[in-house]
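Colleague: Hi! Could you walk me through this one? I'd like to hear about helix packing, then about an interface.

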Amino acid sequence: MLKRIFSILFVFSLMMVMPLQAAEFPTKEVQIIIPWAAGGATDLIFRALGATTGKYLGKAVVVVNKPGGAGTVGYTEAMKAQPDGYTLTSGITPLTILPHNVKTAFTYKDFEPVINVVSDPGMFLVRSDSPWKSLKEFLDYAKKNPDIITVGNSGAGGGVHLIALAFEKAAGVKFNHIPFAGGGPSVTALLGGHVNAVSVSPPEGIEHVKAGKLKIIALFSEKRFEMFPEVPTVKEQGVDFAMGQWRGLIAPKGTPPDVIKKLHDAFKKGMDDPVFQKNAKDMAVNLHYLGPEAFGKLMASDHELFGKLIKEMKK
Amino acid sequence: MNREEAIGGIVIFLFGVVTTFFSLKMPLGTFRMAGTGLFPLCLGVLLIVLSSLFLIKLYLQKKEGKHVITVQLPSSIKQLMLFLGAMLLATLFFNRLGYPLVAFLLMVSLLKILGMKRWRTVLPLSFITAIVCYFLFVQWLKIPLPRGWIGL
Amino acid sequence: MFESLQHLMTGFGIATTIHNLLYCLTGAIVGTLIGVLPGIGPIAGIALLIPATFGLNPTSAIIMLAGIYYGAMYGGSTTSILLNVPGETASVITCIDGYQMAQKGRAGPALATCAIGSFIAGTIGIFGLVFIAPPLAEAALAFGPPEYFSLMVFGFIVLSNVTGISLIKSLMMAVVGLIIGTIGLDPVTGDARFTFGSIYLLGGIEFVAVAIGLFGIGEVLINVEKPADLLEQRVLIPRLRELYPTLRDLKRSIGPILRGAGIGFGVGLVPGPAPVIATYSSYMIERKISKNPEEFGKGAIEGVAGPESANNSACQSAFIPLFVLGIPFAPPTAILLGALLIHGVSPGPLMISQHPELFWGVIASMYIGNFILLILNLPFVPLFANILRTPKKILLPLIILFCITGMFTVNNSVFDIWMMLLFGGVGFLMRKWAYEGAPLLLALVLGPKLEVAFRQSLMISHGDFGVFVNRPISMAFLLATAIFLIFPAIRLMFKKSKKGGI
């Protein structure tokens, strides 16, 4: 009899323990959905981060590419994923742009911020032999000749295009924006002299700046660039403007806060790992840590800003 | 030959009309700032012109009596329809059933449709194919093919 | 020049160390396997294996990844020849005559010619890469939007009638391709176009879905529609001595191989869809200068040798803009750029001086890789050719399963499978009604670039059409296009007047 009671108690206690064990997140591998094709900057960064985070999380981090629809396919799928913390998504600037441009099922509000990893400042590049020696000359010329300076970007309605639009508003000038199919082609067109300037974010064009073929005429970051300490920001030169593109991790809405905290802590450790630090430096990306709360605020403010910009653009 | 080419020409003509119709619903803009619909509109019109020219040419050829008579092989529409149906069903249940099961069922049904009589050959052949594909794509290449309810 | 040669020797020294040779071999084998599977092309292959190279030193990593790239290019022609399934843009043309050769029991010679042609073209490509490339890469910068537009128009008009059946029918198919290419986000304004509310259509129609659908699935359906007893048949079984090309085959192929290598090398330097333009041009030229053009489309070995060589040498020269300018002109090189970045090497104007061991090592290993691929592939020829011994009623279901699986792997998307099946149906009807798929695919690749270049040009020029004729390169292409269109008309008039004279 005693045996039976014990066995019942044993089973009971097992049942008590079971949910506790289930709460021991994670019990299986964690997926990161990348809504873009493999090999792009976002893909590479999160592959590298996943590789270092695995050991802190205790389970492997795998990257799954779901390209298509300029990112909408991946985000739509990610939004519908189980909010259990096993499916994360790379949240990058276009997440706050796309919903204004096309009809999407999602906005940033359908996701919980986990961590921001990268923030690349926007900048304008011109050829080294261009007639403009400084930001002032560039803007003076633009003021006198509105709609004449051609500024290439990596795609209509994309991040750097909107940064260029926002900058022209802040500086009170008007450029002639030319969209290209990606950052590479726009830099090529600048090298060939087919456009006057390009709006990019690193690492695009950085190699050519190092080689002295291109120069940074306007830098939209808060602080100066580590790689080019002699280049002043536009803020220092009297144009109150700073803007960049961020890449972070987000989870579907409804993911439990303690799971998010666990994920955040693990990815933060992965970010601080010297291996990842070196990888990031090699890729010339600007690491910029933000916790869930600050990251959420950043997404919200960008969402609003881009909404306004696109409305004006479409008018 | 002639008649079939003409059917194709008519289908293409209609495609051009549909394209033109939907392009006109989009903003056209100017050449300085071409709108979304301008390029498709040009293409739609171009296609209508080309296919009209083509159909006229065919008509004239027919008048000249250049009609080519082709020998029609007896075809098996039923087999084709079943084959297509199996492919469509496989795609429809691709996510729900999971890759290995779909691969197996698809192989069984396609082999059966194409007239493999004996189950003794059909079943093992399909099974082996599904297993090989599973190991090749899922295990070795790590492609996130749907697991479905068998969870493989 | 001498200096380059010296560097190249150093490069060979680096590439022939045992472990680099092993990585090269691994890359070539994996690449060939990946290339043979439909769908998984070089892009997905490289991306899948990038994480595996994290622990290697940059040179070895790039040697291996580059091996996957050109290995996949080698392997890509295999399914085109055997099954009429083009895995990527470059092997569409190979389907036309390669598949016909296989149907006549000459799969062996077709496969072997591909391997030999690719090797010769690769060799020429490497030397070009070493000696004349760097200055040429700078010249490619002269191509701005107006030049692109004119180049695309030229390619579009001249190459759309690649098989030479009927110009008007080819142009019709090409325009259909252009229209399909407009589906998705408008590249200039970012608005949705012809998507009918579907998010899957926003990114446009996947090229591979159209290619596999029109060619592979369409062909399978044609076979299925035939009466059941025909399915009992097999393709003509190759006899053993017919597995490798005869001396006559080789003699016929050498000209196309050399011409193809030249064309491919030149085209590869220009940004844009190099493999497509290179293979189509090569096929077109071979058909034009051939003494028996009527054989083309029915299994002419020149139609396999030329385009395959052009493709391989275009792949080699695609490395030039990547290494010299740091700008990838094609998606596979874009992936390699990513891999280089993750290994701390930023390609660009400084790369050759900052990382000489990597640059020359990779170049030398490309040559060795080509050689490895040749000796790796020739023994495989009988094996692959024997696949066709399988009775059709077993082979056809296998092809379908491979196509469906392969299609999924491209974007991990079931929607793409639907698209592939849809275009399979279209391909079936096109075949029944005697329409060609090649012009449609060409237009699908060129179309979006054509439109963007056109609109960019006019945006830059503020709506002035003069931009297309005021610039010499652009003008030259437009003139050439005009001559091409007018020339047959003149010839026709000339012929008629002659007849009238009699």
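**Helix packing and a chain interface**

Modeller: Happy to! Helix α1 (residues 2-15) of chain C packs against helix α18 (residues 356-385) of chain C at an angle of about 75°, and their axes are 7 Å apart. Keep in mind that this is a predicted model.

Colleague: How is α1(C) oriented relative to α18(C), then?

Modeller: Roughly perpendicular, because angles from 65 to 115 degrees are put in that class.

Colleague: Which residues make the contact?

Modeller: From α1(C), they include C:H7, C:L8 and C:F12. On α18(C), C:W360, C:I363 and C:Y367 are among them. By class, this contact has 9 nonpolar, 5 polar and 1 charged residues.

Colleague: Thanks! Switching to chain C and chain A: how many residues does the contact take from each?

Modeller: There are 45 residues from chain C and 44 residues from chain A. The area buried between the two chains is about 3,500 Å², with carbon and sulfur atoms giving 65% of that.

Colleague: Which three residues of chain C supply more of its buried area than any other three?

Modeller: C:L141, C:I199 and C:I342, which supply 15% of the area that chain C buries against chain A.

Colleague: Which helix gives the most to chain C's side?

Modeller: That's α16(C), with 5 residues. By class, the side of chain C touching chain A has 28 nonpolar, 13 polar and 4 charged residues.

Methods
Residues numbered from 1 in each chain as written. Chains lettered and ligands numbered in written order. Predicted model: local features only at pLDDT ≥ 70, side-chain atom pairs only at ≥ 80, totals over all residues. Heavy atoms only, no water. Axes fitted to C-alpha atoms, helices over the stretch in contact; angles between N-to-C directions. Helix = DSSP H or I, 4+ residues; strand = E, 2+ residues; numbered from the N terminus. Parallel < 35°, antiparallel > 145°, perpendicular 65-115°, else oblique. Contact = heavy atoms within 4.5 Å. Nonpolar A, V, L, I, M, F, W, Y, C, P; charged D, E, K, R; others polar. Buried area = accessible area lost by both parts, 1.4 Å probe.
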